[in-house]
Amino acid sequence: MTTKHLSTGSKDPVLQKGKIRLYSMRFCPFAERVHLVLAAKKVPHDVVYINLMKKPEWYLEKVPSGKVPAIVIEDELLYESLIICDFLDEQFPLNPLHPKDPIKKSKDRLLIESLSKVTVACYKLSVSPAVEKQMVEELYLGLDDFERELVKRGTPYFGGDQIGMADYMIWPWCERLEMINVLSSDQFQFKFPKERFMRLVEWSKAMIEDEAVKSIYLEPHIHAKYLSQKRAGVLDYDNVIP
């Protein structure tokens, strides 16, 4: 595994035999999805981190979009987080994450698709010079759907009594919620309304105790530091985590 983010002028590290290669970026929520599934299913893999501001030439040849995540398995390349995670769940039977019931699996897919409301709201917050109340309320409206879904299902996780694929696909954005509190200004102090999202708060506490989540989890102030550097145009991927 490379600990630094590779950039222009670098070389693609030699692929280790018998392992999946994951191309990632340490602070990307979409890439985090794949990290979580690989860890949960205990799939042998190595990780190469990519500097998305100065993408290596070899990476652009391999993945023309230049996006992460991407994986290489048996000389085959796959990209897009949901496609990769579905593939991993089918390819590696240990700890299946999708429900066996086709109806439940389809409903989970619909739930994951509805996360777009949250991801769009988070993106707006990430590119805005300051945290604004309207943006945060837009995020809350997206989260309301997931609070209601947990109440409706009546289980500790979206996957039921244990963590499933839907939980891992949703988690990366919930991990970053408290980051907004760190970034809020004197004009608008963000305080996550725990009384509005009681089930999501309980779910988040349980998720943090999961071994796969622990393996990739970053504290809110680290996410905030990354975003602050990005906003200021001084981002150094390798000097965000102490």
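In which helix does Val213 lie?

Modeller: The model is predicted, so local features need pLDDT of at least 70 and side-chain atom pairs count only at pLDDT 80 or more, whereas totals for chains, interfaces and linings use all residues. Residues are numbered from 1 along each chain as its sequence is written, and side-chain values use heavy atoms, with hydrogens and water left out.

Val213 belongs to helix H10, residues 211–216; helices (H or I, at least four residues) and strands (E, at least two) are DSSP runs, numbered from the N terminus. Val213 counts as buried because its relative accessibility is 0%; buried means under 20% relative accessible area, exposed over 50%, and partly exposed in between (1.4 Å probe, protein chains only). Leaving aside residues up to four places away in sequence, Val213 touches Leu36, Tyr168, Trp171, Met207 and Ile208, where contact means heavy atoms within 4.5 Å. From Val127, Val213 is 86 residues away in sequence and 26 Å away in space, C-alpha to C-alpha.

Strand S2 (residues 20–24) may be considered next. Five of its five residues are buried, so S2 is largely enclosed by the rest of the structure. Ile20, Leu22 and Ser24 point one way from S2, while Arg21 and Tyr23 point the other way. S2 runs parallel to strand S3 (residues 45–50), joined by five bridges; two strands pair if DSSP finds at least two bridges between them. S2 also pairs with strand S4 (residues 70–73), in the antiparallel sense, over three bridges. Leu22 stands opposite Val47 in S3 and opposite Ile71 in S4.
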